Protein chains: 2
Amino acid sequence: MTTASPRPIGVAVLGMGNVGTEVVRVLTDKAADLQARVGAPVVLRGVSVRDLSRPRGNVDSAVLTDDPASLVTRDDVDIVVELIGGIEPPRTLIRTALQAGKSVVTANKALMAVHSGELSEAAAGSNVDLYFEAAVAGAIPVIRPLIQSLAGDTVNRVAGIVNGTTNFILSEMDETGADYDEVLAEAGRLGYAEADPTADVEGHDAAAKAAILASIAFHSRVTANDVYCEGITAITSDDLAAAKKFDCTVKLLAICERIDADGAERISARVYPALIPFEHPLATVNGAFNAVVVEAENAGRLMFYGQGAGGAPTASAVTGDLVMAARNRVLGGRGPLESTYASLPVAPIDDVPTRYYVSMQVADRPGVLEQVAAEFAKRSISISAVRQEGAGENARLIVVTHRASDLDQSETVAAIEKMDSVIKVSSVLRLEGTND
Amino acid sequence: MTTASPRPIGVAVLGMGNVGTEVVRVLTDKAADLQARVGAPVVLRGVSVRDLSRPRGNVDSAVLTDDPASLVTRDDVDIVVELIGGIEPPRTLIRTALQAGKSVVTANKALMAVHSGELSEAAAGSNVDLYFEAAVAGAIPVIRPLIQSLAGDTVNRVAGIVNGTTNFILSEMDETGADYDEVLAEAGRLGYAEADPTADVEGHDAAAKAAILASIAFHSRVTANDVYCEGITAITSDDLAAAKKFDCTVKLLAICERIDADGAERISARVYPALIPFEHPLATVNGAFNAVVVEAENAGRLMFYGQGAGGAPTASAVTGDLVMAARNRVLGGRGPLESTYASLPVAPIDDVPTRYYVSMQVADRPGVLEQVAAEFAKRSISISAVRQEGAGENARLIVVTHRASDLDQSETVAAIEKMDSVIKVSSVLRLEGTND
């Protein structure tokens, strides 16, 4: 049987770290499968690296270049896979590629969390694909299900554990009782934390992902700057132990929520360590794993679970996008781009209804609970649970509240901190994953 | 701002049961959202019902018809949503619609599990979409992630709880200790089991889903007839109690696996109740919930969890497909269709490596275990665990084996049944979800 062979699809890979190396390996090792799935050969035209002198295993040196800018506009390149990371040069390279009519696949959450608007416009202008499944939760399909599978539904909430480093640290602290610094050092030794862990432990990585998830879930433009963000550096083993007494664990959550105050619909996007009840599906997600819970009007509660980072899992998401973009090149058409028609505003954290967990060192004398309770009552915050522990210098009072505006909650805590009978507010966390 | 309004996308809905009613409601209530997401108005052209005289709530009687055949070829219909169920008339209606150039969305697992080949060909011939996300696991995005998100990966295994009725029954039996018949009656009262529960409890519904999952996961044609199938009607409360002693629970699993014997790659697709260890992610999926675990070479283990049935969840999957098909009508292009290039053969159950759990009523005398063990050893099946319980007439021996071909396992059981010292083999189940 002789048929006209379809034109090959040329691919340029920018960056050859863990993920890039794995993507290049798949393009080689699985060439026959990819060709069958795409309907045309998928050919690696070039790989850009920072240091040409470093050995690159089995990669043909003829495809290596240290000039990504030339690579992204080459005539024989149809799809650019950006795996460099960071804002520049990826932003310029991707925009250039899109304007030159190339489809783009990227794993770059920091970039997509801030510049998805201009990049989507460029993609729409050239009628090409811009896919970024790997930007959130690694191998776990979350972006495509939200954009496509739930396209006929109304998403009300997305809550996820989307940072493996911090989840590893919190899981270890919970399991071993060790303190933050100790476990962070261990995470570094095991390769779960980078040399500079700031982006992870301060919540910035999760915040970028929250921005992306909120944008697509609510068809609105949400950028990383819109996301309220607290990290895990202040979490102590005491917090985890205390959480257990309320049948809770502590997780760094990315939460994207539709909130409706006085009939005006807004979005909340926030990242912070929070108590969640043991029976919540995210409570049992441990170690470096990721999971995302989506609540939609018709679908109800869905959960997606898997490996959120690492070379091979991230490469799985990248090559999935690559095959879909290549297929669109062969058959025509393109996948959905950013949709921001709903244009919902982002509410400041002060306006968001939250529940608080407040742990205080208090004077060991009668009447302290009464005074603290009065302070919450002043702002109409009702108390859900109280524990008093220890005695003398170790007297401790823990209060868990019902839902109220975060501003009222935080102002109450500020007032409590000034009370004579409260020696120190040692810990303030929010409580998530409950219905009341 | 005046721009040329895009041509509306006309939709015909066939069948107005739970799901159809919900889909029609979404088309009406969420018309503005759907229009924004599609890029054109989505207009309900007609709804076919069996009985025109039945009242249909708020649905405009002008769109109702009892003539689906005319509806699917109407000029103003772009997309046909088939929610009738069963093989005929849906098979003919869908084929006719596809040949007439309509895109089709269906929730019909029984049909897709047998006739996806001819229907995909018809869709390809007209260059239109054929989507069926709702056919497996209701609202849970599984089909699209497998076809699209994992398009660059190699799936090795899909294992799922894909039938809510049987999972409800097994969960209840496990929790309450009640017996099968009792719980089945309760499931009927609660609306979790149909008046004729055969398709659910005999595993046929799950087998249809297994065929669909195996086909897309392994890029091969697998039909319902290729799926080995056992139901749950023989499961007793004793089995569930005994499973607990091995730190296991019993679930009706749909398993699709790549098996490699003597270098020849084949597929196994099978449905049966199996013991799975408590720590397996499917073990905690209870009640009417569904979950699917996918294991892929690069992605590792992923899990998808949510509501597998019901009007609203199923409608969520249907309308998601509908929006994507409508979007393709507006922008051009179409989604991926069935891909069967790998054409892997399906292995008979006899050839599949399985682990067995065998519970026997035995004579209460020395040497019985030795004789039973010898029977397994004859076929080189190694034993993983043994329990001897009770005495006299209630003496019971339970054997759990390591992996061996299902034929060797079943022949061993047949031989054991004939032994003088074995009064009765009371239960034979397989053990899944272990690595050894």
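Val47(A) sits opposite Leu64(A), a residue of strand S3 in chain A. Strands here are DSSP runs of E with at least two residues, helices are runs of H or I with at least four, and both are numbered from the N terminus. Strand S2 (residues 42-48) and S3 of chain A pair in the parallel sense over two bridges; pairing takes at least two DSSP bridges between the strands.

This is a predicted model, where local features need pLDDT of at least 70 and side-chain atom pairs pLDDT 80 or more, while totals for chains, interfaces and linings use all residues. Residues count from 1 along each chain as written, chains are lettered from A and ligands numbered from 1 in written order, and side-chain values use heavy atoms, without hydrogens or water.

## The sheet in chain A

Six strands make an open, parallel-paired sheet in the order S3-S2-S1-S4-S5-S6.

Helix H1 (residues 18-29) of chain A lies across S1 (9-14) and S2, at about 160 degrees to S1(A). Angles run from 0 to 180 degrees between N-to-C directions, with axes fitted to C-alpha atoms, for helices over the stretch in contact.

## Helix H12 in chain B

After H12(B) comes Gly332(B), with a positive phi near 90 degrees.

Technical notes:
Contact means heavy atoms within 4.5 Å.
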